[in-house]
Amino acid sequence: MRLAELSERSGVPIPTIKYYLRERLLPPGRRINARQSEYDEGHLRRLRLVRALIQVGRMPVATAREVLAAVADGDLGPHSRLGAAVWAIPDGPESGEDDPAAETARRAADDLLEQLGWTFGREAGARSPAYRMMVSGIATMVRLGYPCDVGQLLPYGRSAAELAVTDLDLVERYEPGEGQVEAAVALTVLYEPVLLGLRRLAQAEESNRRFG
């Protein structure tokens, strides 16, 4: 297909596609003549992945390029490829190393992961953005005096484990490789406001059942 068709089928404007080509996020097409190139379904799949990383996942171009390199690395398995993409999604602010509440939060987080039996999360520890995000949230509760011991957090962890099964079942419906990485990033970002909305609606239902 020509560039115009690639743009039409992907929903990405031509100037944006040209920018992705210049930044080496999209491989060059097959040269037809001095001024035109031809693109195929592989370019369309890559363009969808790039859009998921940058537009949905809000990744800087340099970070997206690193994720694409991991996706193309034949020595990495599916777990590492998906992890490279999801870990690159920007998160909120983190607690400082010298924050006393952060140390309490790290101990609570480690105890929680041990109780849940999440060995990968425990081994990854602070290398994981999700771990650091959780520690930051727990540290805020510590500073404000809200309950956040392991007993309080454990039901949330168990619910998250059930959600993870649903998430990965959905990701596995997509084509292995770029298709699954695109799905993992897009669905992680796009489902988070849905999950937040469902949680608040469920709270309203439970409140009405108890107090209404």
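**A first look at the fold, a helix pair and a pocket**

UniProt, in an unreviewed entry, lists residues 1–70 as "domain: HTH merR-type". In the model, which is a predicted one, that stretch of chain works out at 61% helix and 6% strand. Its end C-alpha atoms sit 27 Å apart.

Stepping back to the whole protein, the count comes to 10 helices and 2 strands. As for overall dimensions, the C-alpha trace covers about 70 × 45 × 25 Å along its principal axes.

Helix α5 takes up residues 78–87 and helix α10 residues 178–211. Their axes come within 9 Å of each other, crossing at roughly 35°, and the crossing is right-handed. On the α5 side, the contact is made by Arg81, Leu82, Ala85 and Val86. Facing them from α10 are Gln180, Val181, Ala184, Val185 and Thr188. Sorted by class, the residues of this contact come out as 6 nonpolar, 2 polar and 1 charged.

Then there is the empty space. Rolling a probe the size of a water molecule over the atoms is a way to show where such space is left. The second largest pocket holds about 290 Å³. It is lined by 14 residues, and the ones closest to its centre are Leu3, Arg35, Gln36, Ser37 and Tyr39. Two elements give two or more residues each to this lining, namely α1 (3–10) and α2 (14–22). Of the two, α2 provides 3 residues, which is the largest share of the lining.

How values were computed. Residues are numbered from 1 along each chain as its sequence is written. This is a predicted model: local features need pLDDT of at least 70, side-chain atom pairs count only at pLDDT 80 or more; totals for chains, interfaces and linings use all residues. Side-chain values use heavy atoms; hydrogens and water are left out. On a 1 Å grid over the protein atoms alone, a cavity is a set of points where a 1.4 Å probe fits but cannot get out, and a pocket is an open set with protein on both sides within 12 Å along at least five of seven lines; lining residues have an atom within 4 Å of a point. Grid points are joined across faces, edges and corners, and a volume is the space filled by probe spheres set on the points. Helices (H or I, at least four residues) and strands (E, at least two) are DSSP runs, numbered from the N terminus. UniProt positions are given in the numbering used here, feature names are shortened, and annotations may be inferred rather than shown by experiment. Axes are lines fitted to C-alpha atoms, for helices over the stretch in contact, and angles run from 0 to 180 degrees between N-to-C directions. A crossing is left-handed if the near helix is turned anticlockwise from the far one by less than a right angle, and right-handed if clockwise. Contact means heavy atoms within 4.5 Å. Ala, Val, Leu, Ile, Met, Phe, Trp, Tyr, Cys and Pro count as nonpolar, Asp, Glu, Lys and Arg as charged, and the others, Gly among them, as polar.
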